Amino acid sequence: MLRLTADATALATVFDLYPQRSLLFSAIRLDSHPLVAPLIASRDDAEQVLLVRQQEQGNVLSAGVAPERIRFYAPWVTLDPRPVEGVDVAASLTDLVAQLSSDGAVTLAADVVFAHRIALSERMTVVCEQSVSRAVQVREIPVAEVVDRFAGWREHGATVAADLIADVAHLDGLVDEFGAPETRFARLESIAAESRLDAVLVAAPPNFSELTGRAPIPGALALWSPGAEHVLVIAPADDPDAAEVGNLGAVIGEYPSVGAAVSALAPGRRVGVEEDFISVGVVGNLEDNDIEPISITTELGHWRDVRDNEDLPFQVIAARATVYAIEEALSWAAREIGAGAEFTERDIYQRYVGFLADFVLDNRIPFGVRPYFTNLHSSNRMLFPGPPVDFPIDQTTTCIQLDAGVAVVIDGVVVATSDMARSLPRTESAKEAYEFFFTVVREGIIGQLRPGVVCEDVHEGTLRFVAPHLDWMVEIGMLGADTDFDTIYRRRNVGHLMGKQESFANELRPGYKHALDVGSFGAAEIPWRYDDAAIGTEDLWYIGADRTYILSQR
(Lines give C-alpha, C1' and ligand atoms only; values in the text may rest on other atoms or scores of the structure.)
Protein backbone atom coordinates (compact mmCIF):
# COMPACT_ATOMS: atom_id res chain seq x y z
CA MET A 1 0.00 0.00 0.00
CA LEU A 2 1.16 3.53 -0.77
CA ARG A 3 2.28 5.45 2.32
CA LEU A 4 2.56 9.24 2.72
CA THR A 5 4.52 11.09 5.35
CA ALA A 6 5.40 14.73 5.99
CA ASP A 7 8.26 13.94 8.36
CA ALA A 8 10.64 16.91 8.45
CA THR A 9 13.61 14.75 9.39
CA ALA A 10 13.04 12.50 6.40
CA LEU A 11 12.68 15.50 4.08
CA ALA A 12 16.05 16.75 5.32
CA THR A 13 17.94 13.45 5.31
CA VAL A 14 16.49 11.90 2.15
CA PHE A 15 15.98 15.00 0.00
CA ASP A 16 18.10 17.67 1.74
CA LEU A 17 14.97 19.83 1.78
CA TYR A 18 13.85 22.25 4.48
CA PRO A 19 10.38 23.50 3.44
CA GLN A 20 10.08 26.66 5.54
CA ARG A 21 13.54 27.75 4.41
CA SER A 22 13.70 26.44 0.84
CA LEU A 23 10.09 26.77 -0.30
CA LEU A 24 8.26 30.07 -0.50
CA PHE A 25 4.70 29.12 0.35
CA SER A 26 5.70 27.02 3.33
CA ALA A 27 7.23 30.22 4.71
CA ILE A 28 4.25 32.43 3.87
CA ARG A 29 1.44 30.25 5.21
CA LEU A 30 1.98 30.56 8.95
CA ASP A 31 -1.43 29.07 9.73
CA SER A 32 -1.31 26.30 7.14
CA HIS A 33 2.24 25.46 6.13
CA PRO A 34 1.66 21.69 6.67
CA LEU A 35 -1.00 21.86 3.95
CA VAL A 36 1.43 23.06 1.26
CA ALA A 37 4.55 21.21 2.42
CA PRO A 38 5.87 18.35 0.26
CA LEU A 39 4.89 14.79 1.12
CA ILE A 40 7.09 11.71 0.78
CA ALA A 41 5.37 8.81 -0.99
CA SER A 42 6.75 5.31 -0.60
CA ARG A 43 5.99 1.66 -1.30
CA ASP A 44 7.96 -1.40 -0.30
CA ASP A 45 8.95 -2.10 -3.88
CA ALA A 46 9.77 1.41 -5.08
CA GLU A 47 12.02 4.38 -4.37
CA GLN A 48 10.60 7.22 -2.31
CA VAL A 49 9.32 10.16 -4.34
CA LEU A 50 8.45 13.70 -3.36
CA LEU A 51 4.94 15.09 -3.98
CA VAL A 52 5.17 18.84 -4.53
CA ARG A 53 2.79 21.65 -5.50
CA GLN A 54 3.95 22.97 -8.88
CA GLN A 55 4.18 26.55 -7.61
CA GLU A 56 7.36 25.32 -5.87
CA GLN A 57 8.85 23.74 -9.01
CA GLY A 58 11.68 26.24 -9.33
CA ASN A 59 12.46 26.11 -5.62
CA VAL A 60 12.54 22.35 -5.20
CA LEU A 61 14.82 22.02 -8.22
CA SER A 62 17.03 24.89 -6.99
CA ALA A 63 17.29 23.04 -3.67
CA GLY A 64 18.94 20.18 -5.54
CA VAL A 65 16.20 17.53 -5.50
CA ALA A 66 16.64 15.16 -8.45
CA PRO A 67 13.89 15.75 -11.05
CA GLU A 68 13.18 12.03 -11.42
CA ARG A 69 12.23 11.86 -7.74
CA ILE A 70 9.60 14.64 -7.93
CA ARG A 71 5.91 14.37 -8.79
CA PHE A 72 3.99 17.63 -9.16
CA TYR A 73 0.35 18.46 -8.47
CA ALA A 74 -1.86 21.60 -8.54
CA PRO A 75 -0.78 23.30 -11.80
CA TRP A 76 0.91 26.68 -11.42
CA VAL A 77 -0.87 29.66 -12.95
CA THR A 78 1.48 31.18 -15.51
CA LEU A 79 1.26 33.63 -18.41
CA ASP A 80 4.33 32.02 -19.96
CA PRO A 81 3.82 28.29 -20.59
CA ARG A 82 7.48 27.59 -21.36
CA PRO A 83 8.72 27.01 -17.77
CA VAL A 84 6.16 24.23 -17.30
CA GLU A 85 6.28 22.78 -20.81
CA GLY A 86 6.65 19.01 -20.76
CA VAL A 87 6.19 18.73 -17.01
CA ASP A 88 3.54 16.25 -15.88
CA VAL A 89 1.26 17.80 -13.27
CA ALA A 90 -1.74 16.20 -11.58
CA ALA A 91 -4.80 18.39 -11.11
CA SER A 92 -4.76 17.83 -7.35
CA LEU A 93 -2.99 15.90 -4.64
CA THR A 94 -5.89 13.43 -4.63
CA ASP A 95 -5.45 12.80 -8.36
CA LEU A 96 -1.71 12.31 -7.94
CA VAL A 97 -2.06 9.90 -5.02
CA ALA A 98 -4.70 7.96 -6.92
CA GLN A 99 -2.27 7.61 -9.84
CA LEU A 100 0.50 6.36 -7.55
CA SER A 101 -1.67 3.94 -5.61
CA SER A 102 -1.97 0.47 -7.07
CA ASP A 103 -4.99 -0.57 -5.02
CA GLY A 104 -7.01 2.61 -4.43
CA ALA A 105 -5.79 2.84 -0.85
CA VAL A 106 -3.27 4.98 1.00
CA THR A 107 -1.74 5.02 4.47
CA LEU A 108 -1.13 8.39 6.09
CA ALA A 109 1.60 8.76 8.68
CA ALA A 110 0.48 10.47 11.87
CA ASP A 111 2.28 13.68 10.82
CA VAL A 112 0.18 14.27 7.67
CA VAL A 113 -2.20 17.22 7.89
CA PHE A 114 -5.90 16.54 8.52
CA ALA A 115 -7.00 18.38 5.36
CA HIS A 116 -5.30 15.70 3.25
CA ARG A 117 -7.24 12.97 5.03
CA ILE A 118 -10.48 14.81 4.29
CA ALA A 119 -9.69 15.25 0.59
CA LEU A 120 -8.24 11.79 -0.04
CA SER A 121 -11.13 10.05 1.74
CA GLU A 122 -13.53 11.28 -0.93
CA ARG A 123 -11.97 8.94 -3.52
CA MET A 124 -9.76 6.45 -1.73
CA THR A 125 -9.55 4.11 1.22
CA VAL A 126 -7.48 5.97 3.80
CA VAL A 127 -5.75 4.39 6.77
CA CYS A 128 -4.20 6.71 9.35
CA GLU A 129 -1.37 5.69 11.60
CA GLN A 130 -1.75 6.54 15.26
CA SER A 131 0.56 8.98 16.97
CA VAL A 132 2.23 8.14 20.24
CA SER A 133 0.13 9.63 23.02
CA ARG A 134 1.93 12.14 25.19
CA ALA A 135 0.77 13.24 28.61
CA VAL A 136 -0.17 16.91 28.73
CA GLN A 137 -0.44 19.65 31.30
CA VAL A 138 -3.06 22.39 31.20
CA ARG A 139 -2.62 26.00 32.23
CA GLU A 140 -5.10 28.86 31.99
CA ILE A 141 -4.92 32.50 30.92
CA PRO A 142 -7.75 34.92 31.80
CA VAL A 143 -9.54 36.25 28.71
CA ALA A 144 -9.42 39.73 30.26
CA GLU A 145 -5.64 39.48 30.52
CA VAL A 146 -5.33 38.65 26.81
CA VAL A 147 -7.45 41.67 25.89
CA ASP A 148 -5.50 43.97 28.23
CA ARG A 149 -2.20 42.70 26.87
CA PHE A 150 -3.08 43.63 23.30
CA ALA A 151 -4.59 46.95 24.41
CA GLY A 152 -1.32 47.99 26.03
CA TRP A 153 0.70 47.04 22.99
CA ARG A 154 -1.67 48.92 20.68
CA GLU A 155 -1.52 52.09 22.74
CA HIS A 156 2.26 52.08 22.53
CA GLY A 157 2.17 51.19 18.83
CA ALA A 158 -0.14 54.10 18.03
CA THR A 159 2.35 56.59 19.49
CA VAL A 160 5.26 55.09 17.56
CA ALA A 161 3.34 54.89 14.26
CA ALA A 162 2.02 58.44 14.58
CA ASP A 163 5.58 59.76 14.93
CA LEU A 164 6.72 57.61 12.02
CA ILE A 165 4.25 59.07 9.49
CA ALA A 166 3.95 62.59 10.88
CA ASP A 167 5.70 64.06 7.81
CA VAL A 168 4.25 61.71 5.16
CA ALA A 169 1.77 63.94 3.37
CA HIS A 170 -0.19 61.26 1.53
CA LEU A 171 -0.89 59.49 4.85
CA ASP A 172 -2.27 62.62 6.49
CA GLY A 173 -5.39 61.66 8.44
CA LEU A 174 -4.44 58.02 8.88
CA VAL A 175 -3.65 58.52 12.57
CA ASP A 176 -7.33 59.26 13.12
CA GLU A 177 -8.02 55.63 12.15
CA PHE A 178 -5.99 54.25 15.07
CA GLY A 179 -7.88 52.84 18.04
CA ALA A 180 -10.43 50.47 16.48
CA PRO A 181 -12.41 48.61 19.16
CA GLU A 182 -11.36 45.13 20.31
CA THR A 183 -13.58 42.40 18.80
CA ARG A 184 -11.41 39.28 19.18
CA PHE A 185 -13.62 37.14 21.41
CA ALA A 186 -16.93 38.62 20.25
CA ARG A 187 -16.19 37.57 16.66
CA LEU A 188 -15.03 34.15 17.85
CA GLU A 189 -18.35 33.76 19.64
CA SER A 190 -20.06 34.37 16.29
CA ILE A 191 -17.99 31.69 14.56
CA ALA A 192 -18.83 29.22 17.32
CA ALA A 193 -22.53 30.01 17.04
CA GLU A 194 -22.64 29.78 13.24
CA SER A 195 -20.81 26.42 13.21
CA ARG A 196 -22.50 25.13 16.38
CA LEU A 197 -19.15 24.66 18.08
CA ASP A 198 -18.73 23.74 21.71
CA ALA A 199 -15.07 24.79 21.66
CA VAL A 200 -12.22 25.89 19.42
CA LEU A 201 -8.80 24.16 19.49
CA VAL A 202 -5.87 25.90 17.80
CA ALA A 203 -2.19 25.18 17.30
CA ALA A 204 -1.17 27.35 14.31
CA PRO A 205 1.12 30.19 15.45
CA PRO A 206 -1.02 33.21 14.46
CA ASN A 207 -4.19 31.73 15.96
CA PHE A 208 -2.43 30.56 19.13
CA SER A 209 -1.03 34.05 19.71
CA GLU A 210 -4.34 35.74 18.93
CA LEU A 211 -6.08 33.57 21.54
CA THR A 212 -3.43 33.68 24.26
CA GLY A 213 -1.43 36.88 23.78
CA ARG A 214 1.65 34.68 24.02
CA ALA A 215 4.36 33.48 21.66
CA PRO A 216 3.64 30.16 19.94
CA ILE A 217 4.91 27.13 21.84
CA PRO A 218 5.93 24.03 19.84
CA GLY A 219 3.53 21.20 20.54
CA ALA A 220 1.10 23.36 22.52
CA LEU A 221 -2.56 24.00 21.70
CA ALA A 222 -5.02 26.60 22.94
CA LEU A 223 -8.58 25.62 23.85
CA TRP A 224 -11.35 28.21 24.08
CA SER A 225 -15.04 27.71 24.76
CA PRO A 226 -17.84 30.25 24.18
CA GLY A 227 -18.48 32.33 27.27
CA ALA A 228 -15.36 31.07 29.04
CA GLU A 229 -13.39 33.45 31.22
CA HIS A 230 -10.12 31.64 30.52
CA VAL A 231 -8.20 30.33 27.53
CA LEU A 232 -6.64 26.96 28.30
CA VAL A 233 -3.18 26.03 27.05
CA ILE A 234 -2.50 22.31 26.58
CA ALA A 235 1.23 21.53 26.41
CA PRO A 236 3.29 18.32 26.53
CA ALA A 237 4.00 17.30 30.12
CA ASP A 238 7.40 15.85 29.19
CA ASP A 239 8.53 19.32 28.07
CA PRO A 240 7.36 21.52 30.95
CA ASP A 241 9.80 24.30 30.15
CA ALA A 242 7.93 25.01 26.90
CA ALA A 243 4.84 26.16 28.76
CA GLU A 244 6.90 28.09 31.30
CA VAL A 245 8.53 30.04 28.47
CA GLY A 246 5.06 31.31 27.65
CA ASN A 247 4.68 32.53 31.26
CA LEU A 248 1.35 30.75 31.57
CA GLY A 249 1.23 30.21 35.30
CA ALA A 250 0.67 27.09 37.36
CA VAL A 251 -0.62 23.76 36.06
CA ILE A 252 -4.36 23.32 36.67
CA GLY A 253 -4.66 19.79 35.34
CA GLU A 254 -2.84 16.80 33.81
CA TYR A 255 -4.18 14.31 31.26
CA PRO A 256 -2.82 11.28 29.38
CA SER A 257 -3.26 12.92 25.95
CA VAL A 258 -4.52 15.98 24.09
CA GLY A 259 -7.74 14.15 23.27
CA ALA A 260 -8.34 13.26 26.90
CA ALA A 261 -7.76 16.87 27.95
CA VAL A 262 -10.13 18.29 25.33
CA SER A 263 -12.76 15.67 26.16
CA ALA A 264 -12.59 16.60 29.84
CA LEU A 265 -12.43 20.38 29.39
CA ALA A 266 -14.64 21.17 26.39
CA PRO A 267 -18.34 21.60 27.26
CA GLY A 268 -19.41 19.48 24.28
CA ARG A 269 -18.25 17.19 21.48
CA ARG A 270 -18.14 19.56 18.48
CA VAL A 271 -14.70 21.19 18.48
CA GLY A 272 -13.42 23.50 15.75
CA VAL A 273 -9.94 22.59 14.50
CA GLU A 274 -7.46 23.94 11.94
CA GLU A 275 -7.70 21.19 9.33
CA ASP A 276 -4.89 22.85 7.33
CA PHE A 277 -2.51 22.66 10.31
CA ILE A 278 -3.46 19.90 12.75
CA SER A 279 -2.17 16.39 12.01
CA VAL A 280 -4.19 13.24 11.47
CA GLY A 281 -2.46 11.80 14.52
CA VAL A 282 -3.85 14.50 16.81
CA VAL A 283 -7.27 14.29 15.13
CA GLY A 284 -7.29 10.52 15.63
CA ASN A 285 -6.57 11.04 19.32
CA LEU A 286 -9.45 13.52 19.54
CA GLU A 287 -11.81 11.09 17.81
CA ASP A 288 -10.71 8.26 20.10
CA ASN A 289 -11.92 10.47 22.95
CA ASP A 290 -15.34 11.05 21.32
CA ILE A 291 -14.50 14.54 20.02
CA GLU A 292 -15.95 15.51 16.62
CA PRO A 293 -13.43 17.75 14.77
CA ILE A 294 -15.05 20.52 12.72
CA SER A 295 -12.92 22.24 10.06
CA ILE A 296 -12.59 26.01 10.59
CA THR A 297 -9.22 27.05 9.09
CA THR A 298 -10.90 29.45 6.66
CA GLU A 299 -13.19 30.87 9.35
CA LEU A 300 -10.21 31.56 11.61
CA GLY A 301 -8.33 33.19 8.74
CA HIS A 302 -11.30 35.46 8.15
CA TRP A 303 -11.48 36.13 11.91
CA ARG A 304 -7.95 37.51 11.82
CA ASP A 305 -8.35 39.38 8.53
CA VAL A 306 -11.40 41.43 9.43
CA ARG A 307 -9.86 42.54 12.74
CA ASP A 308 -6.58 43.76 11.30
CA ASN A 309 -7.58 47.42 11.66
CA GLU A 310 -7.37 46.87 15.41
CA ASP A 311 -3.61 46.55 14.93
CA LEU A 312 -3.36 49.28 12.27
CA PRO A 313 -0.44 51.12 13.97
CA PHE A 314 1.69 48.00 13.66
CA GLN A 315 0.60 47.48 10.06
CA VAL A 316 1.77 51.02 9.32
CA ILE A 317 5.16 50.28 10.89
CA ALA A 318 5.45 47.05 8.91
CA ALA A 319 4.53 48.73 5.63
CA ARG A 320 6.92 51.64 6.03
CA ALA A 321 9.79 49.39 7.08
CA THR A 322 9.20 47.06 4.14
CA VAL A 323 9.04 49.68 1.42
CA TYR A 324 12.22 51.30 2.70
CA ALA A 325 14.18 48.05 2.89
CA ILE A 326 13.00 46.69 -0.46
CA GLU A 327 13.53 49.87 -2.45
CA GLU A 328 16.91 50.58 -0.90
CA ALA A 329 18.10 47.01 -1.52
CA LEU A 330 17.14 47.16 -5.18
CA SER A 331 18.72 50.61 -5.54
CA TRP A 332 21.92 49.15 -4.12
CA ALA A 333 21.74 46.26 -6.60
CA ALA A 334 21.23 48.68 -9.50
CA ARG A 335 24.30 50.69 -8.49
CA GLU A 336 26.44 47.58 -8.09
CA ILE A 337 25.43 46.18 -11.47
CA GLY A 338 26.08 49.57 -13.05
CA ALA A 339 29.56 49.58 -11.53
CA GLY A 340 30.29 46.16 -13.04
CA ALA A 341 30.23 44.28 -9.75
CA GLU A 342 29.29 40.61 -9.50
CA PHE A 343 27.34 39.29 -6.53
CA THR A 344 24.45 36.91 -5.76
CA GLU A 345 20.78 36.93 -4.88
CA ARG A 346 21.75 36.26 -1.27
CA ASP A 347 23.90 39.40 -1.25
CA ILE A 348 20.81 41.43 -2.15
CA TYR A 349 18.94 39.68 0.64
CA GLN A 350 21.62 40.57 3.15
CA ARG A 351 21.39 44.21 2.07
CA TYR A 352 17.61 44.03 2.44
CA VAL A 353 17.98 42.73 6.00
CA GLY A 354 20.54 45.41 6.72
CA PHE A 355 18.30 48.20 5.47
CA LEU A 356 15.49 46.78 7.59
CA ALA A 357 17.71 47.02 10.67
CA ASP A 358 18.72 50.57 9.69
CA PHE A 359 15.07 51.60 9.47
CA VAL A 360 14.30 50.24 12.92
CA LEU A 361 17.33 51.96 14.44
CA ASP A 362 16.95 55.30 12.65
CA ASN A 363 13.26 55.55 13.55
CA ARG A 364 13.70 54.25 17.10
CA ILE A 365 11.16 51.46 16.63
CA PRO A 366 10.92 49.72 20.04
CA PHE A 367 9.43 46.51 18.62
CA GLY A 368 10.99 43.59 16.81
CA VAL A 369 10.83 43.89 13.01
CA ARG A 370 12.05 40.76 11.23
CA PRO A 371 11.65 39.09 7.82
CA TYR A 372 8.37 37.21 7.44
CA PHE A 373 8.97 35.81 3.93
CA THR A 374 11.21 36.73 1.02
CA ASN A 375 10.61 36.08 -2.67
CA LEU A 376 13.83 37.31 -4.29
CA HIS A 377 15.17 35.94 -7.53
CA SER A 378 16.70 36.81 -10.85
CA SER A 379 14.64 36.17 -13.95
CA ASN A 380 17.76 34.59 -15.47
CA ARG A 381 17.40 31.79 -12.89
CA MET A 382 13.66 31.22 -13.06
CA LEU A 383 10.22 32.77 -13.40
CA PHE A 384 8.85 30.84 -10.44
CA PRO A 385 8.56 32.76 -7.16
CA GLY A 386 11.06 31.70 -4.53
CA PRO A 387 13.64 32.55 -1.86
CA PRO A 388 17.13 33.77 -2.83
CA VAL A 389 19.98 31.37 -3.50
CA ASP A 390 23.64 31.75 -4.48
CA PHE A 391 22.81 32.64 -8.07
CA PRO A 392 25.06 35.23 -9.75
CA ILE A 393 23.88 38.77 -10.48
CA ASP A 394 25.79 40.76 -13.10
CA GLN A 395 25.43 42.70 -16.33
CA THR A 396 23.56 39.80 -17.94
CA THR A 397 20.77 39.94 -15.32
CA THR A 398 17.52 40.92 -17.04
CA CYS A 399 15.25 41.48 -14.03
CA ILE A 400 15.23 41.05 -10.25
CA GLN A 401 12.04 40.65 -8.27
CA LEU A 402 11.89 41.38 -4.55
CA ASP A 403 8.49 40.50 -3.11
CA ALA A 404 8.73 40.38 0.67
CA GLY A 405 7.10 40.98 4.00
CA VAL A 406 8.14 41.66 7.56
CA ALA A 407 6.61 40.76 10.89
CA VAL A 408 6.31 43.18 13.79
CA VAL A 409 6.85 41.17 16.95
CA ILE A 410 6.29 41.93 20.65
CA ASP A 411 7.24 39.36 23.28
CA GLY A 412 7.29 36.71 20.58
CA VAL A 413 3.79 37.59 19.33
CA VAL A 414 3.35 38.68 15.70
CA VAL A 415 1.14 41.78 15.83
CA ALA A 416 1.40 42.70 12.13
CA THR A 417 2.83 41.54 8.83
CA SER A 418 3.39 43.14 5.45
CA ASP A 419 3.51 41.97 1.84
CA MET A 420 4.68 44.16 -1.04
CA ALA A 421 6.82 43.90 -4.15
CA ARG A 422 9.21 45.94 -6.23
CA SER A 423 11.40 44.95 -9.16
CA LEU A 424 14.58 45.94 -10.93
CA PRO A 425 13.81 45.56 -14.66
CA ARG A 426 16.86 45.91 -16.89
CA THR A 427 15.46 45.49 -20.41
CA GLU A 428 13.55 48.28 -22.13
CA SER A 429 10.36 46.24 -22.50
CA ALA A 430 10.42 45.20 -18.83
CA LYS A 431 10.97 48.81 -17.75
CA GLU A 432 7.97 49.97 -19.79
CA ALA A 433 5.80 47.18 -18.41
CA TYR A 434 6.89 47.80 -14.82
CA GLU A 435 5.90 51.47 -15.04
CA PHE A 436 2.51 50.45 -16.39
CA PHE A 437 1.97 47.92 -13.60
CA PHE A 438 2.28 50.67 -11.01
CA THR A 439 -0.63 52.35 -12.76
CA VAL A 440 -2.58 49.09 -12.67
CA VAL A 441 -1.94 48.53 -8.96
CA ARG A 442 -2.53 52.08 -7.76
CA GLU A 443 -5.29 53.17 -10.15
CA GLY A 444 -6.74 49.97 -11.58
CA ILE A 445 -6.94 48.03 -8.30
CA ILE A 446 -6.54 50.34 -5.30
CA GLY A 447 -8.51 52.99 -7.16
CA GLN A 448 -11.57 50.71 -6.88
CA LEU A 449 -11.27 50.06 -3.14
CA ARG A 450 -13.90 51.69 -0.98
CA PRO A 451 -16.47 50.60 1.62
CA GLY A 452 -18.99 48.16 0.15
CA VAL A 453 -16.99 47.07 -2.90
CA VAL A 454 -17.09 43.29 -3.45
CA CYS A 455 -13.85 41.32 -3.88
CA GLU A 456 -14.88 39.60 -7.10
CA ASP A 457 -15.90 42.93 -8.62
CA VAL A 458 -12.43 44.35 -7.94
CA HIS A 459 -10.90 41.45 -9.87
CA GLU A 460 -13.26 41.95 -12.80
CA GLY A 461 -12.61 45.69 -12.81
CA THR A 462 -8.87 45.03 -12.91
CA LEU A 463 -9.21 42.81 -15.99
CA ARG A 464 -11.21 45.57 -17.68
CA PHE A 465 -8.52 48.10 -16.77
CA VAL A 466 -5.75 45.95 -18.27
CA ALA A 467 -7.64 44.78 -21.39
CA PRO A 468 -6.97 47.84 -23.61
CA HIS A 469 -3.23 47.44 -23.04
CA LEU A 470 -2.84 43.76 -23.91
CA ASP A 471 -1.99 44.33 -27.57
CA TRP A 472 0.72 46.74 -26.47
CA MET A 473 2.08 44.11 -24.07
CA VAL A 474 2.33 41.70 -27.00
CA GLU A 475 4.10 44.34 -29.11
CA ILE A 476 6.81 44.94 -26.53
CA GLY A 477 7.34 41.20 -26.00
CA MET A 478 5.80 40.94 -22.55
CA LEU A 479 2.91 38.66 -23.53
CA GLY A 480 2.36 35.92 -26.09
CA ALA A 481 0.14 36.72 -29.05
CA ASP A 482 -1.94 33.60 -28.39
CA THR A 483 -2.11 33.98 -24.62
CA ASP A 484 -5.67 33.84 -23.26
CA PHE A 485 -5.03 36.46 -20.58
CA ASP A 486 -8.58 36.61 -19.18
CA THR A 487 -8.87 32.85 -18.69
CA ILE A 488 -5.45 32.59 -17.07
CA TYR A 489 -5.83 35.58 -14.77
CA ARG A 490 -9.23 34.44 -13.58
CA ARG A 491 -7.36 31.57 -11.92
CA ARG A 492 -5.46 33.88 -9.58
CA ASN A 493 -6.16 36.91 -7.38
CA VAL A 494 -5.13 40.55 -7.80
CA GLY A 495 -4.72 41.07 -4.07
CA HIS A 496 -5.78 39.88 -0.65
CA LEU A 497 -6.41 40.99 2.91
CA MET A 498 -3.79 40.64 5.63
CA GLY A 499 -4.45 38.80 8.90
CA LYS A 500 -1.08 38.38 10.65
CA GLN A 501 -0.01 36.79 7.35
CA GLU A 502 -0.88 36.94 3.67
CA SER A 503 -4.53 35.96 3.58
CA PHE A 504 -5.68 32.82 1.82
CA ALA A 505 -9.17 33.26 3.25
CA ASN A 506 -9.98 36.67 1.75
CA GLU A 507 -8.73 37.38 -1.76
CA LEU A 508 -9.62 39.77 -4.57
CA ARG A 509 -10.57 36.95 -6.90
CA PRO A 510 -13.45 35.70 -9.06
CA GLY A 511 -16.33 34.16 -7.16
CA TYR A 512 -15.47 35.67 -3.78
CA LYS A 513 -18.29 37.89 -2.58
CA HIS A 514 -16.87 39.37 0.63
CA ALA A 515 -17.57 43.12 0.78
CA LEU A 516 -14.75 45.37 1.93
CA ASP A 517 -15.46 47.94 4.61
CA VAL A 518 -13.88 50.79 6.53
CA GLY A 519 -10.93 49.17 8.26
CA SER A 520 -10.15 46.63 5.53
CA PHE A 521 -6.39 46.27 5.06
CA GLY A 522 -4.54 44.30 2.42
CA ALA A 523 -2.33 44.17 -0.64
CA ALA A 524 -2.95 44.80 -4.35
CA GLU A 525 -0.63 43.06 -6.79
CA ILE A 526 0.19 42.31 -10.39
CA PRO A 527 2.81 39.55 -10.68
CA TRP A 528 3.88 39.35 -14.33
CA ARG A 529 6.31 36.60 -15.26
CA TYR A 530 7.06 36.32 -18.94
CA ASP A 531 10.13 35.48 -21.04
CA ASP A 532 13.15 37.15 -19.39
CA ALA A 533 11.29 39.22 -16.79
CA ALA A 534 9.65 38.13 -13.55
CA ILE A 535 8.08 41.41 -12.43
CA GLY A 536 6.38 41.96 -9.10
CA THR A 537 4.43 45.14 -8.35
CA GLU A 538 2.50 45.18 -5.08
CA ASP A 539 1.33 47.82 -2.61
CA LEU A 540 -0.39 47.76 0.77
CA TRP A 541 -3.66 49.65 1.19
CA TYR A 542 -6.07 50.60 3.94
CA ILE A 543 -9.70 51.72 3.54
CA GLY A 544 -10.30 54.63 5.88
CA ALA A 545 -13.49 56.46 6.78
CA ASP A 546 -12.85 59.17 4.18
CA ARG A 547 -10.43 57.68 1.66
CA THR A 548 -8.19 54.74 0.81
CA TYR A 549 -4.51 55.02 1.71
CA ILE A 550 -1.48 53.44 0.04
CA LEU A 551 0.66 52.57 3.05
CA SER A 552 3.67 51.30 1.08
CA GLN A 553 4.09 54.38 -1.10
CA ARG A 554 7.11 56.44 -0.08
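Predicted model: local features only at pLDDT ≥ 70, side-chain atom pairs only at ≥ 80, totals over all residues.
**Exercise 1. Describe the domains**

Task: List the domains of the chain and say how many residues of domain 1 and domain 2 take part in their contact.

Solution. Step 1: the assignment gives domain 1 (2-128), domain 2 (136-304) and domain 3 (310-550). Such bounds come from an automatic or database domain assignment. Step 2: the centres of domain 1 and domain 2, taken over C-alpha atoms, are 29 Å apart. Step 3: 17 residues from domain 1 and 18 residues from domain 2 take part in the contact, where contact means heavy atoms within 4.5 Å.

Step 1: UniProt, in an unreviewed entry, places the feature "domain: Peptidase M24" at residues 396-500; UniProt positions are given in the numbering used here, feature names are shortened, and annotations may be inferred rather than shown by experiment. Over residues 396-500 the chain is 39% helix and 26% strand, with 38 Å between the end C-alpha atoms.

**Exercise 2. Describe the largest pocket**

Task: Find which residues lie nearest the centre of the largest pocket, and describe its lining.

Solution. On a 1 Å grid over the protein atoms alone, a cavity is a set of points where a 1.4 Å probe fits but cannot get out, and a pocket is an open set with protein on both sides within 12 Å along at least five of seven lines; lining residues have an atom within 4 Å of a point. Step 2: the volume of the largest pocket is about 1100 Å³, a volume being the space filled by probe spheres set on the points, which are joined across faces, edges and corners.

Step 1: the lining has 40 residues, with D111, G219, F277, S279 and V282 nearest the centre. Step 4: sorted by class, there are 26 nonpolar, 11 polar and 3 charged residues. Ala, Val, Leu, Ile, Met, Phe, Trp, Tyr, Cys and Pro count as nonpolar, Asp, Glu, Lys and Arg as charged, and the others, Gly among them, as polar. Step 5: domain 1 and domain 2 each give at least three residues to this lining. Among the elements that each supply at least two are α1 (8-15), β11 (230-236) and α13 (280-288).

Step 2: examine S279, in the loop between β13 (270-273) and α13. Its relative accessibility is 17%, so S279 counts as buried. Beyond its neighbours within four places in sequence, S279 is in contact with A110, D111, V112, V113 and F114. S279 and A109 are 170 residues apart along the chain, and their C-alpha atoms are separated by 9.1 Å.

**Exercise 3. Describe the largest cavity**

Task: Name the residues that line the largest cavity and the domains they come from.

Solution. Step 1: the structure holds 1 cavity of 30 Å³ or more. The volume of the largest cavity is about 90 Å³. Step 2: its lining consists of W76, V77, T78, L79, Y489, R492, P527, W528 and R529. Step 3: domain 1 and domain 3 each provide at least three of the lining residues. Strand β23 (residues 521-530) gives the largest share, 3 residues. Step 4: by class, the lining has 6 nonpolar, 1 polar and 2 charged residues.

Notes: Residues numbered from 1 in each chain as written. Heavy atoms only, no water. Helix = DSSP H or I, 4+ residues; strand = E, 2+ residues; numbered from the N terminus. Buried < 20%, exposed > 50% of the residue type's maximum accessible area, 1.4 Å probe, protein only.
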